[in-house]
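Biologist: Please pick a single part of this model and take me through it closely. Start with the overall layout, then show me how that part relates to its surroundings.

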Amino acid sequence: GIQYVIALHFATGLVTGGEWGLQPAFWVERVFVVVMMIIGLFACSAVLSQVLVMFNRVAEANLAVNEHVRAMRRFMMQRKVSPKLQAKVRRFLEGQAKAIRGEGEDFEVLNHLS
């Protein structure tokens with residue numbers, strides 16, 4: 001029983017780079033430990049890079065929506081639309097953008113304007 005817990009503790013520390021408490025005794029064990037530490041480093045790097053890519057995609061989508069909202073404001077100001085109607089249209093189109101963004105589709109604010 002306890003040797004399995006010690007082995008799990010060692011393996012978890014090896015993969016995550018944390019403290020593992022056991023020291024490899026033979027050269028084969030040392031090579032194994034080094035290889036596993038390198039694999040753990042690459043695995044953690046891959047996971048972290050995927051998380052960063054997801055955050056970057058969300059930021060790009062928000063940037064695109066904000067640019068469309070600014071273009072819509074310019075469009076409506078040039079045509080002297082009342083501020084009250086501008087606010088209503090902006091709220092409606094931002095709500096539509098959030099609903100569509102949840103489905104993973106692109107949203108073009110200007111396509112809704114005539």
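Modeller: Along the sequence, the protein runs α-α-α. That makes 3 helices and 0 strands. Helices (H or I, at least four residues) and strands (E, at least two) are DSSP runs, numbered from the N terminus. This is a predicted model, in which local features need pLDDT of at least 70 and side-chain atom pairs count only at pLDDT 80 or more, while totals for chains, interfaces and linings use all residues. Residues are numbered from 1 along each chain as its sequence is written, and side-chain values use heavy atoms, with hydrogens and water left out.

Confidence comes next. pLDDT is the predictor's confidence in each residue, from 0 to 100. The protein has a mean pLDDT of 79, and 84% of its residues reach 70 or more. Confidence is highest in helix 2, at a mean of 85, and lowest in helix 1, at 79. Where pLDDT is low, the predicted coordinates should not be read in detail.

Helix 2 is the part I pick. Helix 2 holds 52 residues. From first C-alpha to last, helix 2 reaches 76 Å, close to the 76 Å expected at 1.5 Å a residue. The expected span is 1.5 Å times one less than the number of residues.

Now burial. Buried means under 20% relative accessible area, exposed over 50%, and partly exposed in between (1.4 Å probe, protein chains only). Of the 114 residues in the protein, 18% are buried. Within helix 2, the buried residues are V33, G40, V65, H68, V69, A71, M72, F75 and M76. The largest nonpolar core has 7 residues: V65, V69, M72, F75, M76, L93 and A97. Such a core is a set of buried Ala, Val, Leu, Ile, Met, Phe, Trp, Tyr and Cys residues joined through side-chain atoms within 4.5 Å. Helix 2 (27-78) and helix 3 (83-102) are the elements that give two or more residues to this core. Helix 2 supplies the largest share, 5 residues.

M76 is worth a stop. M76 touches V81, L85, Q86 and V89, leaving aside neighbours within four places in sequence. Contact means heavy atoms within 4.5 Å. E94 is partly exposed, at 28% relative accessible area.

Next, G40. This glycine is in helix 2. At 4% relative accessibility, G40 is buried. G40 and T12 are 28 residues apart in sequence, yet 9.8 Å apart in space, C-alpha to C-alpha.

Helix 2 is included in what covers the buried residues of helix 1. Those residues are F10, G13 and L14. Down the axis of helix 1, they fall within an arc of 105 degrees, so they line one face of the helix. The arc is taken from the directions from the helix axis to the C-beta atoms. On the other side of helix 1, Y4, V5, L8 and T16 are exposed. Helix 1 (residues 2-16) is followed by G17, with a positive phi near 80 degrees.

K80 follows helix 2 and lies in the loop between helix 2 and helix 3. K80 has a positive phi of about 55 degrees, although it is not a glycine. Most residues other than glycine have a negative phi. K80 is exposed, at 75% relative accessibility.

Two totals set the background. Among contacts between residues at least 6 apart in sequence, 31% join residues at least 24 apart. The protein exposes about 9000 Å², and carbon and sulfur atoms supply 65% of that. Accessible areas come from the Shrake-Rupley method with a 1.4 Å probe, and for residues only the protein chains shown count as cover.
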